[in-house]
Amino acid sequence: MIYQQFQQSPFQPRISGARAWLAMAVSVSLICLSLFLLPFVLLFGAIALGCLVLFSRIYVARQMSKFNRAQAQAQEAASQETEFYRSTNVVRETHAEHYTGRTFEHQQDEK
């Protein structure tokens, strides 16, 4: 009795017939199709990566030129500002050292 149940594989009736052959054919064809399409997928990925690198180089170059232009303008404005304060046209307080460190009050006699 025990020997008789091992005579046949329990999977044999499950994996047999037209349905099994169809499943095997579909799986083999999918594997072959994926192996055939793999180089094209890799080629598409390489082209997309190349386009991304090219776009990023152009974008970064444009942003760097904007940044350098803004830096040059800021430097020019700072140099003009220091020239303005160095010129003799600026009216300065004559007794500025008298008021250093204290709040300026408009009453001279108050200390």
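This is a predicted model: local features need pLDDT of at least 70, side-chain atom pairs count only at pLDDT 80 or more; totals for chains, interfaces and linings use all residues.
The protein contains two helices and zero strands. Of its 111 residues, buried ones make up 0%.

Across the whole structure, a search finds two aromatic pairs. The ring centres of F55 and Y59 are 6.1 Å apart and the ring planes meet at 20 degrees, so this pair is stacked. The cut-off behind that label is a plane angle under 30 degrees. F55 and Y59 both belong to helix α2, which covers residues 18–86. They are four residues apart in this helix, so about one helical turn separates them.

S56 also has its place in helix α2. A polar atom of the S56 side chain lies 2.8 Å from the backbone oxygen of V53.

| Residue | Relative accessibility | Class |
|---|---|---|
| F55 | 55% | exposed |
| S56 | 32% | partly exposed |
| Y59 | 42% | partly exposed |

The classes follow from the cut-offs: a residue is exposed when its relative accessible area is over 50%, and buried when it is under 20%. With 55%, F55 therefore counts as exposed. Y59, at 42%, falls in the range between and so counts as partly exposed. The value of 32% for S56 likewise makes that residue partly exposed.

Terms used:
Residues are numbered from 1 along each chain as its sequence is written. Side-chain values use heavy atoms; hydrogens and water are left out. Buried means under 20% relative accessible area, exposed over 50%, partly exposed in between (1.4 Å probe, protein chains only). Rings of Phe, Tyr and Trp (its six-membered ring) pair if their centres lie within 6.5 Å; planes under 30 degrees apart count as stacked, over 60 as edge-to-face and the rest as tilted. A polar contact is a pair of N or O atoms within 3.5 Å; within protein, one must be able to donate a hydrogen and the other to accept it, and residues adjacent in sequence count only if both atoms are side-chain atoms.
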